[in-house]
Amino acid sequence: MKPELRARIIAYNKAVAANREKSEDFMMLLEALPPGQVKQLLRDPVCGEILKKYGITGA
């Protein structure tokens, strides 16, 4: 395998791992919020759509 290709693959894998970690951290923060705060976020048009996209309904 060419060193350039190997470096690109490693960089890509690191980026994917970082995104996964951010996603897991974000979900942990959302789960820690009181239900009333989540409901407030769901009422906001932009935040609500984002949360619904990821299956957060506030129930």
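Accessible areas here come from the Shrake-Rupley method with a 1.4 Å probe. With that in hand, I looked up the surface of this predicted model and noted about 5200 Å² for the protein chain, of which 60% belongs to carbon and sulfur atoms. I then checked burial, and found that 10% of the 59 residues of the protein chain count as buried.

Next I turned to overall form. The radius of gyration of the protein chain is 17 Å, whereas a compact globule of 59 residues would have one near 10 Å. Along its principal axes I read a C-alpha trace spanning about 55 × 20 × 15 Å. For secondary structure I noted three helices and zero strands, in the pattern α-α-α along the sequence.

I went on to the loop between helix 1 (3-32) and helix 2, where I found Pro34.

Last, I examined how helix 2 (residues 35-43) meets helix 3 (residues 45-53), and recorded an angle of about 110° with the axes 5 Å apart. I therefore described helix 2 as roughly perpendicular to helix 3. On the side of helix 2 the contact is made by Leu41, Leu42 and Arg43, and on the side of helix 3 by Pro45, Cys47, Gly48, Leu51 and Lys52. Sorting the residues of this contact, I counted five nonpolar, one polar and two charged.

Note on methods
Residues are numbered from 1 along each chain as its sequence is written. This is a predicted model: local features need pLDDT of at least 70, side-chain atom pairs count only at pLDDT 80 or more; totals for chains, interfaces and linings use all residues. Side-chain values use heavy atoms; hydrogens and water are left out. Axes are lines fitted to C-alpha atoms, for helices over the stretch in contact, and angles run from 0 to 180 degrees between N-to-C directions. Helices (H or I, at least four residues) and strands (E, at least two) are DSSP runs, numbered from the N terminus. Angles under 35 degrees count as roughly parallel, over 145 as roughly antiparallel, 65 to 115 as roughly perpendicular and the rest as oblique. Contact means heavy atoms within 4.5 Å. Ala, Val, Leu, Ile, Met, Phe, Trp, Tyr, Cys and Pro count as nonpolar, Asp, Glu, Lys and Arg as charged, and the others, Gly among them, as polar. The radius of gyration is taken over C-alpha atoms; the globule rule is 2.2 Å times the number of residues to the power 0.38. Buried means under 20% relative accessible area, exposed over 50%, partly exposed in between (1.4 Å probe, protein chains only).
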